[in-house]
Every structure is written in structure tokens, then in C-alpha cells.
Amino acid sequence: MNITERPGISLERLQSTVEDAVNGLKVFNILKTSIEMGIFDILNRDTTCRQISEKLEIEPVLTYYLLEILVKLGLVEKVGENYKNTSVSGTYLNSESNYKRINCILSMEEPLNLWNNLKHTLKGKTAKKDENFFQFIIQVMAEDALCGELQDTVELVASYGEFKNAKTLLDLAGGHGMYSIAFGQLNPDLQCYVFDFPDVLGETRKFIEKYDSSVQTIPGNFYTDDFGGSYDVIFSSYNPGGKNPKIAEKVYNSLNQGGLFVTKQYFPEADSNSLEDLLDNMEWNFTNFEKSNKAKERFTFKDDLTFEEYLLFLEDLGFSIVGIHRIDHFNTSFGNKAQDKMIIAKKVS
């Protein structure tokens with residue numbers, strides 16, 4: 001090798017990729033640690049670097065750089081010697097805010113740990129029990145929903161005459177129950193029921209109590225149990241059986257004639273092969289569930305139908321498709337906004 005010769009290709013693109021990745025990890029840890037240490041709670045009021053350093057017992061010079069980085073990120077503003085939350089961090093990162101996204105952000109640490117130990121992760125899957133997973137994820141999904149998606153969803157559903165006249169609604173695998181609570185607020189004559197795993201419903205009842213709602217709960221497993229009853233509306237948001245034909249049949253059998261089936265699901269696009277898609281699909285296969293029959297593509301499960309297949313299946317069952325709406329909110333847990341769709345179908349035969 002003649003060491004005076006230059007490589008035949010520039011290092012710039014590779015180095016940029018590495019630096020972007022490393023800086024992204026640094027920023028995430030800045031944000032996560034700031035949340036865990038309560039910095040965004042402290043910064044509800046004007047506070048100096050020295051005051052934060054003393055209160056949290058961290059090195060003054062590191063406190064300074066931490067705060068300056070938060071300023072650069074647009075999460076903190078500085079006036080003179082004082083630091084204070086911007087409106088963004090006051091709304092979404094303060095633990096007392098109704099719209100906090102703290103669990104959404106902290107939930108990203110677990111999969112990052114699997115990425116950080118990728119050599120080990122590649123050798124086998126880590127099994128999780130469905131009930132334990134969903135007990136945690138419903139907290140994340142509740143935060144996600146309240147930041148715009150829930151409001152848009154319930155307003156859209158409420159615009160249909162069938163909803164306005166409905167007396168009963170089943171929230172299938174409803175988790176946190178926030179959609180049922182909101183539907184009940186929009187239609188006081190509507191009795192809503194949340195169907196989910198018994199352990200999950202313990203968390204659901206906490207939300208019901210918090211919002212002083214009349215929503216009731218029904219324990220069960222939607223893969224193995226019938227839904228019972230006869231409902232005017234059945235609502236499903238991102239549940240693992242949302243594209244399964246057997247679950248759709250159960251919905252049809254439990255829905256009154258002229259009733260609405262509203263299902264909001266992740267449907268992969270045929271050409272979804274971006275770097276983000278590949279990374280998300282890989283991460284989806286890091287873990288396994290004991291009961292949910294995961295397929296190899298993110299947020300898909302065994303026997304799932306494609307979007308087009310699902311629409312045809314609903315029509316064959318006796319539904320008329322009365323609305324298809326794309327979801328315009330990024331959802332931390334369930335995919336990109338351009339690939340989440342809400343189908344509204346009416347039972348007509």
C-alpha cells in the first residue's frame with residue numbers, strides 16, 4: 001500500500017451518517033434525563049443555572065451545558081440569567097400538564113436498549129406476556145391520543161347520524177378507555193363498554209374514575225371470546241385483531257342492523273421500503289408475544305388482511321363502507337401517519 005494515495009471515495013457521507021446517529025442518541029438522553037430529573041417541572045418558573053445545579057445536586061458546568069442544549073432544541077428559553085420552559089415543553093413535558101407526553105418519550109428507552117445490545121438481540125427474541133405489555137402501553141397510547149388524534153377521531157365519528165342516534169357502543173380492546181369516555185361526553189345518551197384483558201381493565205377503570213365517566217368494562221380475550229350483546233357502534237383503535245377476518249365476523253354478529261363499525265388500524269403501504277420502515281420492521285421482530293401471533297412486518301399479525309382485502313371482506317360480510325379517513329397524527333406506538341387509516345362501515349344486511 002502506498003500511504004500517500006487517497007481513498008477512491010469520500011468519507012463525508014459515512015461520517016455524516018455516524019455523527020447524526022450519535023448526536024440523536026445524545027439528544028434523546030438529554031431529553032430523557034431532563035424528564036426523569038424533573039427539570040421541566042422546575043422550569044415552570046424562571047430559574048437560574050445555579051439554582052437548578054444546587055436543587056438537583058449536579059455539576060454546575062454540566063448544568064449549564066444541559067440547559068443551553070435545551071435552549072438550542074427549543075424546549076427552554078433564556079432571558080438574562082434565567083431559564084424557563086417554552087410553550088412546547090410546558091404543554092408536553094411538564095408532569096402536571098393534561099397533555100404530557102412523558103411516558104411516550106420514556107417508553108422509547110426499552111427498544112433502544114435492545115438496539116444498544118444488537119449483537120445479543122439478533123440471536124433470539126425476548127418473549128413478553130400480552131397483559132403486561134398492554135398494561136404499560138395503554139399509558140403511552142393515552143398520552144398519544146390526547147394530543148390531537150382522539151379529538152379528531154371522536155369528532156369525525158360523531159358527525160355520522162348513526163352515532164348521534166346510538167344507545168350502545170363497544171370499544172373493542174379499548175385499553176385506556178379514553179375514546180369511550182370521549183364518546184360518552186359527546187353523546188350523554190350513549191352507554192359505552194370497554195372490552196379488554198382483565199389485567200388491562202384495572203388500568204382502564206383508573207381513567208374512568210379520573211374523568212368521572214359512566215363507561216363500563218367487560219373482561220375478555222377478543223381472539224377466543226365472543227363480544228356478546230348487541231351494539232349500535234363498535235369501535236376499534238389499533239388493536240392486534242383489527243385486520244383479522246375472524247374478529248370482523250364477531251363484530252358483525254354483535255352489531256345491530258344499521259350500526260357502525262369504526263376501525264382505525266395500521267395498514268402498510270405496498271411500497272413502504274424506506275430506511276425508517278426497515279428499521280421499524282426490524283425492531284418489531286426483536287420481541288415476541290405469547291398470544292398475539294405476530295407477523296414479520298410491524299403491527300401485523302397472523303391471518304391479517306391487506307387494506308384492499310379487508311374492505312372486500314367487510315362488504316362480503318354485509319357491511320357498506322361509508323367512510324375511509326387517513327390519520328394525520330404521528331403515533332409513537334403504531335406507525336406513520338400516512339399509513340394509519342380509519343374505516344367506517346355500516347351493517348346493511
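# Definitions applied to a predicted model

Tutor: Helix α13 passes helix α15 in a right-handed crossing. The model is predicted, so local features need pLDDT of at least 70 and side-chain atom pairs pLDDT 80 or more, while totals for chains, interfaces and linings use all residues. Residues are numbered from 1 along each chain as its sequence is written, and side-chain values use heavy atoms, without hydrogens and water.

Student: Which residues of α13 and α15 meet?

Tutor: P245, A248, E249 and Y252 in α13 meet Y310, F313, L314 and L317 in α15, where contact means heavy atoms within 4.5 Å.

Student: How do you know that C147 is in no disulfide?

Tutor: A disulfide needs two cysteine sulfur atoms within 2.5 Å, and by this rule the count is zero. For C147, the nearest cysteine sulfur, that of C104, is 6.6 Å away.

Student: Why is C147 called partly exposed?

Tutor: Its relative accessible area is 22%; buried means under 20%, exposed over 50%, and partly exposed in between (1.4 Å probe, protein chains only). C49, at 16%, is therefore buried.

Student: Why is strand β6 called largely enclosed?

Tutor: Five of the six residues of β6 (residues 191–196) are buried, so the rest of the structure largely encloses this strand.

Student: What makes β5 and β6 a pair?

Tutor: Pairing takes at least two DSSP bridges, and β5 (residues 168–172) and β6 have five, in the parallel sense. D171 stands opposite V194 in β6.

Technical notes
A crossing is left-handed if the near helix is turned anticlockwise from the far one by less than a right angle, and right-handed if clockwise. Helices (H or I, at least four residues) and strands (E, at least two) are DSSP runs, numbered from the N terminus.
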